[in-house]
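Colleague: I would like to go through the terms used for this model and see what stands behind each of them.
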Amino acid sequence: MFWLGFGVTIVGALCLALSQSKHAKLILQRELQRPWPIVARGVGIALWLAAAVLGAELYGVGIGIATFFAWACLGSWAVALLATWRRPVAPARRR
Amino acid sequence: MKAQGFKGSFRQSMAWFHTWVGLVLSVLLYFIFITGTFGYFNAEVDQWMRPEQKVVAPEAMPTRQAMAETGFAYLRNAAPDATRYFISFPTDRNPSLYYYARLAEVGADGNNYINGYIDPVSGDKVAARETGGGDALYEMHYRLHYMPARLALYIVGIATMFMFISLISGIVIHKKIFTDFFTLRLRKGQRSWLDGHNISSVLALPFLLMITYSGLVFYTFDYLPGVAVVSMDISDATTEIREHLAPQFKPVEASGEQAEMISVRAILDAAFVELPAESVRYVSLENRGDKVAEYHIGQHSEGLSRGGALTKFSATTGQLLTDSYPAHAADVVFARGSLALHEGRFANIHLRWLYFLSGLVGAAMVATGMVLWADKRRTRLGKKGVAGSGLKFVERTNLAIIVGLPLGVAAYFWANRLLPIDLEGRADWEMHCLFLMWAASLAHASIRDLASAWREQVTLLALLFAALPVVNAVTTDVHLLATVRAGDWVRASFDLAALAFAAAIWLVARQMSPKVKQALAGERSDAAPVAGSRAGAPILQNRAD
């Protein structure tokens, strides 16, 4: 169940990343059309809430919330690395 | 109207503050993060560093009563005059029975106690090599080394306060905290270091705030002695605080009258009518031999709090004295929760790994901040500018700290396997090896050109960790194959983690090779500069000065 919670948090983080146009462009190679960014944000928040509730159910409120924060921190890292991996090496934009 | 600070706007002032507050004690903070992170696996590192310690399968583990008898029998032999016996039962993190006895007089070694480990099955003292183990590594994060513990406590306290201020000022200056939440652009010179610094601090912010704040809570009354002095009678302050924090541990004065002690087995038999045996963490005998002697039975803590329930029995009559205490005051509940969060003792093995990774992220945040500071100043100089001695010093010490400390840790593990078993002061020499390697790293960074020094030290780090399981296999019989076959996953995980770490470091080392850097520079050749940085300028370029 620990890893289920972690997985849900990572998927939630992915949805939150996709709700931002620059990360959506990186991960999917295209921007999400409206209203999908809002849907992704909603789903992301819902998944994070679900993970927090799952953590509290599994370990009690105190340890559950601490566990959820650990899931969120490391899960977001996983998504950031995914976006980095998808990013072309050369910077695209000129100033 | 915009609020004005001492360096322009409020945000600019905070940026200045963040940079300098962070820089001044970054060396110490990096040290604290790296060594403290090992605390989440101190018992596991201990096991690896004591290869002689046998692992007992759970089904072969004796009952709590039998183990307590074994432990007390050992102590009666080893410390017949001791006034306090303490036995802590094996856990899934530590397979041995821990013993402690407070002696009536100071012993030949200058200590008024003895402690160590007993094999729970045979009852023999674990004849493990002398080593600092995981604890010595972990304790350095608040005791430092080669200095009085109290002085170290204050130094670490100041560094922690700096870190806390630095975190808060970092939040203030980070304009796009949510927009940049997942942003990590690698291979873009200074931009990458800034992203790395931002992402490691933003994503791990809850952990970093918690670990820093709770670190200060640990020694509140040492850091703020005035609170105790002004709020209570100075002579009673320490006692009152201790009783306020842990009323159950209020000491009982010995009566001076001798009395016969009831056996520990009888007491545990009585206790286990109400308590589940597996919930008991330790049993101790206080004021041993005295009429007022008591058995204390401590349980594992439940939930997010440090310290579990305590049940007391009279050691002379066997009567249950008390198993309930007044509820803790709100401040004590808060403090205990904070400390539990800091130590992560409640964490299962999976969460412990996440704690460990979060600790490394914290170290990465400090390290990227250090490199960023130097690289910004190097960028401002441009190609023709000559770096001052201050910048050169920081660049070289950055290497000696960021890579040198992990090199020292690797040397510490190597020393555990290679130093002669009967070497006097062996545990001290393990630690000396850590600092000698660290000093060697600094010397190397000082005499080599910087890019080569980075490449060589990172490569050496990868090699040292990759070869650690090999050294283990050559010098002990608990090598990776044997531990995997025996299901000793604690020791196997250590070897596997060393290999994984070596692989990750090897990838970093590869990025530093001239060929790879040349290829990357080619890919970036048409790239325009990112605002505030050189286009893809490699941070570890070969610097002649």
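Colleague: What share of the contacts in chain A with a separation of 6 or more do residues 24 or more positions apart account for?

Modeller: They account for 62% of those contacts. Two residues are in contact if their C-beta atoms, placed from the backbone, lie within 7 Å. In chain B, 69% of the contacts between residues at least 6 apart in sequence join residues at least 24 apart. This is a predicted model, in which local features need pLDDT of at least 70 and side-chain atom pairs count only at pLDDT 80 or more, while totals for chains, interfaces and linings use all residues. Residues are numbered from 1 along each chain as its sequence is written, with chains lettered from A and ligands numbered from 1 in the order in which they are written.

Colleague: What is the average pLDDT of chain A?

Modeller: Chain A averages 85, and 89% of its residues score at least 70; pLDDT is the predictor's confidence in each residue, from 0 to 100. Over residues 89–95 of chain A the pLDDT is below 50, and this stretch has 14 contacts in the model beyond near neighbours in sequence.

Colleague: Why are H1(A) and H3(A) called roughly antiparallel?

Modeller: Helix H1 (residues 2–18) and helix H3 (residues 36–59) of chain A pack at an angle of about 160°, with axes 7 Å apart. Angles under 35 degrees count as roughly parallel, over 145 as roughly antiparallel, 65 to 115 as roughly perpendicular and the rest as oblique. H1(A) and H3(A) are therefore roughly antiparallel. Their contact residues divide into 12 nonpolar, 5 polar and 1 charged. Here Ala, Val, Leu, Ile, Met, Phe, Trp, Tyr, Cys and Pro count as nonpolar, Asp, Glu, Lys and Arg as charged, and the others, Gly among them, as polar.

Colleague: What makes H2(B) and H6(B) roughly perpendicular?

Modeller: The axes of helix H2 (residues 26–37) and helix H6 (residues 149–173) of chain B cross at roughly 100° and come within 10 Å. That angle falls in the perpendicular range, so H2(B) and H6(B) are roughly perpendicular to each other. Leu28(B), Leu29(B) and Ile32(B) of H2(B) make the contact with Val156(B), Ala159(B) and Met163(B) of H6(B). These residues divide into 6 nonpolar, no polar and no charged.

Colleague: How many helices and strands does chain A have?

Modeller: Chain A has 4 helices and 0 strands, where helices (H or I, at least four residues) and strands (E, at least two) are DSSP runs numbered from the N terminus. Chain B comes to 21 helices and 9 strands.

Notes. Axes fitted to C-alpha atoms, helices over the stretch in contact; angles between N-to-C directions.
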